[in-house]
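Dear colleague,

Here is the structure I said I would hand over.

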Amino acid sequence: MRIIAGHARGRTLFAPKGQLTRPTQDFVRESLFNIIQRDVPESVVLDLFAGSGALALEALSRGAAKAVLVDRSRQAAACMRRNAETAGFMQQALILQCDWRAAAEKLKDTGTRFDLVFLDPPYELTQYPETADLLRDRGLLADGALIVIEHRRDVQFDLSPFFIPRDLRTYGDTCIRLYTYRPGGSSDGK
């Protein structure tokens, strides 16, 4: 696994050992970033369920301003620190070792509004609507924020009307959904 493009291009990334972390494959990450490339520069990034931190670090390499990487696993947090140091992004990366609900509570009073959010939990966790709504309820999303959800292809869900579907891509068993956050919900009343 490596950083694909930008300032830290080619830097090797390490993944936590074991079956709890499922890093996004390089070709899927490359395709995703080709799709969202205009959304990345100067963005403030939140990577929940970050695992190795590859998505947030790729965003930083491509010009994101700062990133918060969250994972409850001690091993994942150590791996994210190692990867951020190796890529030279420790000044731009905040690493939180806690679960996603605790992270939302910690971040809600900081005034931080995220422009780009990666939701890539282990496949057995399917609380995508609940997670997106909690981020909205805690005031953590900038108007127009891009929400990227990676999930198993056979999982079906709908987000609340505040999240406007933007794109859907499938790569084998992996599905990537993109949504735009609008505080007023969809303009067509759906």
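Arginine 138 has a relative accessibility of 27% and so counts as partly exposed (buried is under 20% relative accessible area, exposed over 50%, partly exposed in between, with a 1.4 Å probe and protein chains only). The model is a predicted one, in which local features need pLDDT of at least 70, side-chain atom pairs count only at pLDDT 80 or more, and totals for chains, interfaces and linings use all residues. Residues are numbered from 1 along each chain as its sequence is written, and side-chain values use heavy atoms, with hydrogens and water left out.

Salt bridges

The partner of arginine 138 is glutamate 105: their side chains form a salt bridge with an N to O distance of 2.5 Å (a salt bridge is a side-chain nitrogen of Lys or Arg within 4 Å of a carboxyl oxygen of Asp or Glu). Arginine 138 sits in the loop between helix H5 (128–137) and strand S5 (141–152), and glutamate 105 in helix H4 (residues 100–107), so the bridge ties together parts that are 33 residues apart in sequence. Helices (H or I, at least four residues) and strands (E, at least two) are DSSP runs, numbered from the N terminus. Glutamate 105 is partly exposed too, at a relative accessible area of 32%.

In total the structure holds 12 salt bridges. Another of them joins arginine 166 to aspartate 39, at 2.6 Å from N to O. Here strand S6 (residues 163–171), which holds arginine 166, is tied to the loop between helix H1 (26–36) and strand S1 (44–48), which holds aspartate 39, so the pair links parts that are 127 residues apart in sequence. Arginine 166 is partly exposed, with 38% relative accessibility, and aspartate 39 is also partly exposed, with 26%.

Aspartate 99 and arginine 101 form a salt bridge as well, with 3.9 Å between the closest N and O atoms. Both residues are partly exposed: aspartate 99 has 27% relative accessibility and arginine 101 has 34%. There is also a network of salt bridges, which links Arg29, Glu58 and Arg62.

Helix H2

Eight of the eight residues of helix H2 (residues 54–61) are buried, so the helix is largely enclosed by the rest of the structure.

Nonpolar cores

The largest nonpolar core has 33 residues, of which Leu32, Ile36, Leu69, Leu116 and Phe118 touch the most other members (a nonpolar core is a set of buried Ala, Val, Leu, Ile, Met, Phe, Trp, Tyr and Cys residues joined through side-chain atoms within 4.5 Å). Two or more residues of this core come from each of H1, H2, S2, H3, S3, S4, S5 and S7. H2 gives the most, with six residues. Isoleucine 36, neighbours within four places in sequence left aside, is in contact with Leu116, Phe118, Leu146 and Leu178 (contact means heavy atoms within 4.5 Å). Another core lies apart from this one and has 30 residues, among them Phe49, Cys98, Tyr128 and Ala132.

Threonine 174

With neighbours within four places in sequence left aside, threonine 174 is in contact with Tyr123, Glu150, His151 and Arg169.

The chain as a whole

The protein chain has five helices and seven strands, in the order α-β-α-β-α-β-α-β-α-β-β-β along the sequence. Its radius of gyration is 15 Å, close to the 16 Å that the globule rule gives for 190 residues, so the chain is as compact as a globular protein of that length (the radius is taken over C-alpha atoms, and the rule is 2.2 Å times the number of residues to the power 0.38). Along the principal axes, the C-alpha atoms fill a box of roughly 45 × 40 × 30 Å. Of the 190 residues, 50% are buried. Among contacts between residues at least 6 apart in sequence, 66% join residues at least 24 apart.

Regards
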